[in-house]
Every structure is written in structure tokens, then in C-alpha cells.
Amino acid sequence: MVKQMLAIIAGYIAIALIIMLIFTLAYKLMGADGAFKSGTYEVSALWIGVSIFTSLVAAVIGGYITTLLSRDFKAGVGLAVLLLFLGLFNAYHQDRKDGATSRQRAGDISNTEAMMNAREPLWVAVVNPILGAIGVLAGARLRQSSGG
């Protein structure tokens, strides 16, 4: 049980690090004007595409790592459930936030300011954890079928 919990934590950390790294690089490449709609903190279609792709790839890797470390597909299922729960919880609270999407953005902003103020459509906040859970299960299954 402890081994499975540690594997789930390791998989979750891997997902978080991959997402943080790719989002940081993507923001540096796109800049504020590529990541957001003009003059707002609403994310652009390009950013949504990068977000969905990154989340899915990171989830597959996280599921693979979790199953590799735990040697048990059930740990991958545990990570998938955790991601789904946390993601949908986040989506629920994002929907409850005040009207930050109406705030105006002036020029270039730091990566930190972008992260704190970015607003994605609710459908993205709901779809990402679902795809994340599917990605984790795919990664766990991939590891299991490759000899684990």
C-alpha cells in the first residue's frame, strides 16, 4: 500500500513538472500576445491546444511512471482518479471565480502574472482532467503491457 501511494505521488509530481516545464517554454515562445486573446487574460485557441496536448502527454508519462514504480496497474487507476477529482474540483472553483476574464491585459506580462490571471473556458477545465485520467490509464496500460 505504501509503495502504491509513493508511486502515485511520484507520478503526480512527474505530471506537474512536465506541465510546468512545457507551459513555461510555450509561454516564452508565444509571449503574452500568443497565449492570450488580444488585451485580455482569456487564453487563446493556440494555448488551449498546447494545454490539451501537454496535459495528455504528461498524463501518459505519469501513468507509466506510477505503474513502473508500483508494479501494479491499480496504482495507475488511483492516479487517474486523483487527477480527475482534483481537476474537476478545480474546474468547479474556476467557474465560481469573479469576472477576472473581463480584466484588461496591458502588453507583456511575466510568466507568474500570466499563471495567476489566465482564464480558460470552462469546457477546457472540464475536458483536461478527463483526458488526463484517460492518459494516465493509457500510460499505466502501456507500462503493464511492456513487461511490468
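Me: Why is Trp 47 counted as buried?
Reply: Buried means under 20% relative accessible area, exposed means over 50%, and partly exposed is what lies in between (1.4 Å probe, protein chains only). Trp 47 comes to 13%, so it counts as buried. This is a predicted model, in which local features need pLDDT of at least 70 and side-chain atom pairs count only at pLDDT 80 or more, while totals for chains, interfaces and linings use all residues. Residues are numbered from 1 along each chain as its sequence is written, and side-chain values use heavy atoms, with hydrogens and water left out.

Me: Which label does Phe 23 get on that scale?
Reply: Phe 23 has 22% relative accessibility and therefore counts as partly exposed.

Me: How many aromatic pairs does the structure hold, and what makes Phe 23 and Trp 47 one of them?
Reply: The structure holds four. Phe 23 and Trp 47 lie 5.2 Å apart, centre to centre, with 45° between the planes. Rings of Phe, Tyr and Trp (its six-membered ring) pair if their centres lie within 6.5 Å; planes under 30 degrees apart are stacked, over 60 edge-to-face, and the rest tilted. The Phe 23 and Trp 47 pair is thus a tilted one. It links distant parts of the chain, with Phe 23 in helix α1 and Trp 47 in helix α2, 24 residues apart.

Me: Why is the pair of Phe 85 and Phe 89 stacked?
Reply: The ring centres of Phe 85 and Phe 89 are 6.2 Å apart and the planes stand at 20°, so the pair is stacked. Both belong to helix α3 (residues 73-96), and because they are four residues apart, about one helical turn separates them. Phe 85 is exposed at 54% relative accessibility, whereas Phe 89 is partly exposed at 47%.

Me: Which residues form an aromatic cluster?
Reply: Tyr 27, Phe 36 and Tyr 41 form one.

Me: How do you know that Arg 141 lies over the face of Phe 73?
Reply: A charge sits over a ring if NZ of Lys or CZ of Arg is within 6 Å of the ring centre and within 35 degrees of the ring normal. Arg 141 lies over the face of Phe 73 at 4.2 Å from the ring centre. Phe 73 itself lies in helix α3 and, with a relative accessible area of 19%, is buried. Phe 73 and Gly 63 are ten residues apart in sequence and 8.9 Å apart in space, C-alpha to C-alpha.

Me: What makes the contact of Glu 42 and Lys 37 a salt bridge?
Reply: A salt bridge needs a side-chain nitrogen of Lys or Arg within 4 Å of a carboxyl oxygen of Asp or Glu. The N to O distance between the side chains of Glu 42 and Lys 37 is 3.8 Å, and they meet in a salt bridge. A search of the whole structure finds one salt bridge. Glu 42 is partly exposed at 28% relative accessibility, and Lys 37 is partly exposed at 45%.

Me: Which residues form the nonpolar patch on the surface?
Reply: Val 2, Leu 6, Ile 9, Ile 13, Leu 17 and Met 20 form the patch, with about 600 Å² of accessible area together. Patch residues have over 30% relative accessible area and no salt bridge; like charges are joined within 9 Å, and nonpolar side chains (Val, Leu, Ile, Met, Phe, Trp, Tyr) within 5 Å. Val 2 lies in helix α1 (residues 2-35) and is exposed because its relative accessible area is 60%.

Me: What sets the phi of Arg 71 apart?
Reply: The phi of Arg 71 is near 60°, a positive value in a residue other than glycine. Arg 71 is found in the loop between α2 and α3, and its relative accessible area of 65% makes it exposed.

Me: How many helices and strands does the protein chain have?
Reply: The protein chain has five helices and zero strands. Helices (H or I, at least four residues) and strands (E, at least two) are DSSP runs, numbered from the N terminus.

Me: Which elements have the lowest and the highest mean pLDDT?
Reply: Helix α4 (residues 111-117) has the lowest, 81, and helix α2 (residues 45-70) the highest, 96. The score is the predictor's confidence in each residue, from 0 to 100. The chain averages 90, and 93% of the residues score at least 70.

How values were computed
Accessible areas come from the Shrake-Rupley method with a 1.4 Å probe; for residues, only the protein chains shown count as cover.
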